[in-house]
Amino acid sequence: MNVHPGTAKPVEDPMLPLTYEVVGIKKELPDTVTLDLRAPNGMPFEFEPGQFNMLYAFGVGEIPISISGDTSDPMQLVHTIRVVGKVSQAFAKLKEGDSIGVRGPYGVGWPVNNIKGSDVVIVGGGLGLAPLRPAIYSVLANRGQFGNVVILYGARTPNDLLFEEQLHEWRGRFDLHLDVIVDRAEAGWPGRVGVVTQLIDHAVFDPEETAALVCGPEIMMRYAVQALADRGVDTKNVYVSMERNMHCALGFCGHCQFGGTFVCRDGPVFAYDTISELFTTREA
Amino acid sequence: MSELSDLSRRNDVHVMKPEGTEALIRALIEDGYEVIGPKVIAQAMLYEPYEAGETPPAGWTDEQDGGRYRLIARDDGKLFDYVVGPQGFKRYLFPPREKLWSAKRTADGFAVGRDGAPAKAYAFFGARACEVAAIGIQDRVFDNGEFSDPTYNARRAKAFIVSVDCSRSASTCFCASMGTGPAPEAGYDIRLSEIFEDGHHMLLVRSGSEAGAAILEKLDLKKAKKADLEKADANSRRAAEMQTRVMPDDAREVLARNMKHSHWVEVGKRCLGCGSCTMVCPTCFCAAMEDVTGLDPDSAERWRQWDTCFSVNHSFIHGGAIRQEAWSRYRQWITHKLSFWHEQFGQSGCVGCGRCITWCPVAIDIVEETRTIRDSEKTEALHG
Amino acid sequence: MVDQRDMASIIGEVDFFDGLPADTLELLAGCAKNVRFNAGDYIYREGQAADTFYIIRHGSVAVQLHVPGRRPLVIESLTTNEVLGWSWIVAPYRWSFDAQCVTLVRALAFDATCLRGKMETDCAVGYEMLRRFVTVMSQRLRGTRIRLADMYAPTVNAAD
């Protein structure tokens, strides 16, 4: 029996997208857009932070996109999409009222419920902040159940900061520490310039009681995991979100096979120690 | 039909004359099956549809080795003295190219649906033990506990399997070391074993399911003698003993702990990256989705077609492909097949049919490569 | 003015000097003074003699590359408890970039000319200082190299 985890209703056919309506569009960056989607019959969309959907552009194609919205607002399905190919290009051209195909949610997300009681270090790079946002919402909604909360965000330049308004809002809170660092900036940028690992070196958390959620380009994740380990965080408490080619999200198409896992079903989020061997195995 | 005879047909072993295959194929066709069986096409033994009245080709054997396949005609009339050709039955349950659904624009967006054509009921005639095992492996892939593939499983549920024991092996066969052959233990509806000795030519017939027993009811069968059974068993034993290639039983562990071995680069120098091994493999299941629109801009379709992990695009993520090098793609394939498959599906992904060895244009050998890495562990040839 | 003993205890609390023997701390204290810069001030500029280094006690400093026709490019930012400047330890002792204050900055400034002389004659001091500065240089070099990958760069690819 196929179960649509989002609705806990049996689905006849896991390969058929449902048609959602675009009800809101926000241009985040010149090449990045956030779409608010609503199910045709107003069904709620339940998901876990870190899960993804397969999004279909009519006649163009289907790609995996992580959910960037709030689990506590199931009436609104939110995706933040960066233009990298023809399908994402098609999404960037959608207007309010247009339709988009949705299958999901799929995969294993951030273990927000299993890390209660810990300090939480959230390390994002570039668009990697989008899959982390539902985890940030969830942690902040249950703020009392966590120790120190640290958000460290690295981006290319000050003009490439995703969710800038929210970064300001989070920075203004007294119950979390947010630091932003960019690869390069023009004079006048009051923030930090460098790599996100430099923020890890100085962030305030208790390494022995810390869970870290890391998402960004693989290079950034590799060095971030190393910096966390150097601070004394056990890599079994470090979670990374992997990106691999995906065509079906069901475990049938083989593209995302990663050792003894399929990233679509066993990931995209993995405890680092379970994949460290493969993560450091070179493909070239 | 009395209950007694029902039971006897289900449990007993029977014999029939070689010409009995004609009635068997006819009975299957009459029951609504599209029968797929061996035919000599383009100097190879392929599995193709049978018409009523057709029978399997008699008097053929084959010679196979790394990068080499020859079908050889003989005048002995034996029905199943060749082993496996380039195509298994995979292409019928999991077609090389298949439309998954179509979409139409509507007033308020678009609607997606399957075309709803009923699944074909196939009867696979002459499936070897390795092929029966391969179907079992793909069954686990396409129904993984969380999701099941609707079209594969619709066809699979209706499929009927007439298996044949192998009484000889090609040099590329290694099913005995994979535990899948030369004779199937289960997974068939009807099992045939050919006996050809001292002028006697007959087929031993067993049923493996209710459906198989029901078909046997329609055939002219005699009860088998103990000596016939012994002959069939001896044939299987001989086929197993003929096998010179032996997959190490610790292949899973050997490959898992040698991901960084220098030998991968050496195999990569020979591998052409053509993907032939994956196209002939009866368990490889990689498929790419393709979305198309026709001349009519208001309709679109999704197609699924076989893909291969030997193509650069297979590992494409934004920005480029992860596995740019031939050696890393070969490593991906063999480690998945022989090692990581166990973690995903609780069994090896290899059935020992030897097709990847025969049909590799440069004769890369899955058994030999595994053995090379295994043997080299003594010298610990590792690179970073 | 801070007296010599106070300066030694301040320096003793700086992470960067953690583990230095008392006589080296004394020596450093003898070369040190408190300095203050306003936002926008340049602490040093490219091409000038590098005869000082700084431990930032408060504020942040942008290490910048001057680009004709454009605003200066910030290549590194440094903040509280970090070391500013290592060109004083490598010949020809000349700053390669500009250091401009982003905020009000309070720092400890160390007279490098005096320290270099001591390092030449006292190998133990020389080694301890080099060891600490090499670590800083290595961290910055690694950060710079990782950034060379331009890992957040947009990648438009039609094959997607």
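Okay, thanks everyone. Keep in mind throughout that we're looking at a prediction.

Let's start with chain A. The chain splits into domain 1, residues 3–106, and domain 2, residues 112–279. If you take the C-alpha centres of those two domains, they sit 22 Å apart. Where the domains touch, domain 1 of chain A puts in 24 residues and domain 2 of chain A puts in 23.

So how much area is buried between domain 1 and domain 2 of chain A? The figure is about 1,800 Å², and carbon and sulfur atoms give 67% of that. On the domain 1 side, the residues that lose the most area to domain 2 are A:Leu29, A:Pro49 and A:Phe52, and together they make up 23% of what that side buries.

Now the polar side of this contact. Between the two domains of chain A the salt bridge count is zero. There are two residue pairs in polar contact across that interface, both at pLDDT 80 or more. As for which elements are involved, strands E3 (18–29), E4 (32–38), E5 (52–57), E6 (61–66), E7 (77–82) and E8 (99–106) of chain A each give two or more residues to the domain 1 side. By residue type, the side of domain 1 that touches domain 2 of chain A comes out as eleven nonpolar, seven polar and six charged.

While we're in chain A, a few backbone details. As background, most residues other than glycine have a negative phi, and most peptide bonds are trans. Here's a cis one: the bond from A:Gly104 to A:Pro105, with omega near 0°. A:Pro268 is in the loop between helix H6 (263–266) and strand E18 (269–271) of chain A. And then A:Phe163, which isn't a glycine, has a positive phi of about 50°. You'll find A:Phe163 in the loop between strand E10 (149–155) and helix H3 (164–171) of chain A.

Next up, chain B against chain A. This contact takes 56 residues from chain B and 47 residues from chain A. The buried area between chain B and chain A is about 4,200 Å², with 56% of it from carbon and sulfur atoms.

How many salt bridges are found across the interface of chain B and chain A? Four. If you want one to look up on the screen, go to B:Arg302 and A:Glu62, where the side chains meet at 2.8 Å, N to O.

Which elements of chain B give two or more residues to the side that touches chain A? Those are strands E6 (97–106), E7 (109–113), E13 (287–293), E14 (299–306) and E15 (316–317), plus helix H12 (326–345). H12 of chain B gives the most, with nine residues. Sorted by type, the chain B side has 24 nonpolar, 15 polar and 17 charged residues.

Two of those strands, E13 and E14 of chain B, also belong together: they pair in the antiparallel sense over seven bridges. A hairpin of five residues joins E13 to E14 in chain B. To get your bearings in that pair, B:Ala288 has B:Gln305 in E14 as its bridge partner.

Last one, chain C. There are four helices and eight strands in chain C. Along the sequence, the pattern reads α-α-β-β-β-β-β-β-β-β-α-α. The C-alpha atoms of chain C fill a box of roughly 65 × 30 × 30 Å along the principal axes.

Four of the strands in chain C make an open sheet in the order E1-E8-E3-E6, with antiparallel pairing. At the edges are strand E1 (32–37) and strand E6 (83–84) of chain C, each pairing on one side only. Inside that order, E3 (residues 52–58) and E8 (residues 105–111) of chain C run antiparallel and are joined by six bridges. In that pair, C:Thr52 stands opposite C:Asp111 of E8.

That's my tour, happy to go back to any view.

Methods: Residues are numbered from 1 along each chain as its sequence is written. Chains are lettered from A and ligands numbered from 1 in the order in which they are written. This is a predicted model: local features need pLDDT of at least 70, side-chain atom pairs count only at pLDDT 80 or more; totals for chains, interfaces and linings use all residues. Side-chain values use heavy atoms; hydrogens and water are left out. Domain bounds come from an automatic or database domain assignment. Contact means heavy atoms within 4.5 Å. Buried area is the accessible area (1.4 Å probe) that two parts lose on being put together, summed over both. A polar contact is a pair of N or O atoms within 3.5 Å; within protein, one must be able to donate a hydrogen and the other to accept it, and residues adjacent in sequence count only if both atoms are side-chain atoms. Ala, Val, Leu, Ile, Met, Phe, Trp, Tyr, Cys and Pro count as nonpolar, Asp, Glu, Lys and Arg as charged, and the others, Gly among them, as polar. Two strands pair if DSSP finds at least two bridges between them.
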